[in-house]
Amino acid sequence: MSNRSYYIAGNWKMHKTRAESAELAQALVSQLKDGKHKYLVAPSFTSLETVSAIVEGTNVRLGAQDCAAEEQGAHTGEVSVLQLKDLGVQTIILGHSERRHTYKEDDALINKKVKLALKHGFEVILCIGELLEEREAGKAEEVCETQTVKGLEGVSAADLSNLVIAYEPVWAIGTGKTATPEDADAIHAFVRKVIGKLYGADAADKIIIQYGGSVKPENAAQLMAKENIDGALVGGASLKTDTFVPIAKFS
Ligand code: PGA
């Protein structure tokens, strides 16, 4: 995997109260302190302040699962980058398939959020990935290319160094079905080529591309062994130390 380092992130989605979040964050901080890779946890908005105090100054970064497309204003129910920065958030996950498909976020909205988050100095994890019917119709590459190109419209080469891509085939998320390491690596290699066309070979070589979709302790090492897979975005298995720590410490 070239000189890229591995990046393992946990997306807690809409799970856990503050007390439950604190318990998991404390356990992760202590069990990952000798971990060799880059780590992140993304709790719900309501737990960010609690988890922020626990992970501050450790090797576990704090992530948010989304942000508003505007800095502030009349946007009932939304959370802004300014508010996230105030809580110590370092990274924002954008374009998650649940945002795209359940909440109908399109590439233009996601692109607006990506640019706003980068402008405010956040690291961004941009999620891309095809639906099952798109894969079956032979359109996986086309969908991933479109989501990458449109998601990054207007993003400078300098800002790209703060951007991570997560390839998450929608049919593999929360289903227990994982893409084979070979199929995942093929899309990762393709997306790296897309980045090369947009930003040049050096940027393509450096960009971290995580895989997401039913990553478990049993399949993490095989996925990570692939040339173009640089880490994981983990949902279900990130909710317990028993399953997240072995993924985070895969060898
Ligand atoms: P999963 O979710 O690991 O539960 O499949 C991955 C994700 O949505 O990021």
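**Figure 1. The second largest pocket of the predicted model**. The volume of this pocket is about 290 Å³. Its lining counts 17 residues, and those closest to the centre are Leu160, Ser161, Leu163, Lys206 and Ile207. Two or more lining residues come from each of helix 8 (157–160), strand 6 (163–167) and helix 10 (201–206). Helix 10 gives the most, with three residues. The lining has ten nonpolar, three polar and four charged residues.

Pockets and cavities are found on a 1 Å grid over the protein atoms alone: a cavity is a set of points where a 1.4 Å probe fits but cannot get out, a pocket is an open set with protein on both sides within 12 Å along at least five of seven lines, and lining residues have an atom within 4 Å of a point. Grid points are joined across faces, edges and corners, and a volume is the space filled by probe spheres set on the points. Helices (H or I, at least four residues) and strands (E, at least two) are DSSP runs, numbered from the N terminus. Nonpolar covers Ala, Val, Leu, Ile, Met, Phe, Trp, Tyr, Cys and Pro; charged covers Asp, Glu, Lys and Arg; the others, Gly among them, are polar.

This is a predicted model, in which local features need pLDDT of at least 70 and side-chain atom pairs count only at pLDDT 80 or more, while totals for chains, interfaces and linings use all residues. Residues are numbered from 1 along each chain as its sequence is written, and side-chain values use heavy atoms, with hydrogens and water left out.

**Figure 2. The largest pocket**. The largest pocket has about 480 Å³ of volume. Met14, Gln65, Asp66, Arg99 and Tyr103 are the closest to its centre, out of 19 lining residues. Helix 4 (residues 97–102) gives the most to this lining, with three residues. By class, the lining holds seven nonpolar, seven polar and five charged residues.

**Figure 3. Glutamate 105 in its loop**. Glutamate 105 lies between helix 4 and helix 5 (107–119). Glutamate 105 is buried, with a relative accessible area of 7%. Buried means under 20% relative accessible area, exposed over 50%, and partly exposed in between (1.4 Å probe, protein chains only). The side chains of glutamate 105 and lysine 113 are joined by a polar contact of 2.8 Å. Such a contact is a pair of N or O atoms within 3.5 Å; within protein, one must be able to donate a hydrogen and the other to accept it, and residues adjacent in sequence count only if both atoms are side-chain atoms. Leaving aside neighbours within four places in sequence, glutamate 105 is in contact (heavy atoms within 4.5 Å) with Asp66, Arg99, Arg100, Ile110 and Lys113.

**Figure 4. The buried face of helix 12 (residues 241–248)**. Thr241, Phe244, Val245, Ile247 and Ala248 are its buried residues. Seen down the helix axis, they fall within an arc of 160°, so they line one face of helix 12. The arc is that of the directions from the helix axis to the C-beta atoms. These buried residues pack against strand 1 (7–11), helix 1 (18–32), strand 2 (38–42), helix 11 (217–224) and strand 8 (231–234).

**Figure 5. The largest cavity**. The structure holds one cavity of 30 Å³ or more. About 30 Å³ of space lies in the largest cavity. Its lining is Gly95, Ser97, Arg100, Cys127, Ile128, Gly129, Glu168 and Val170. Helix 4 and strand 5 (123–128) are the elements that give two or more residues to this lining.
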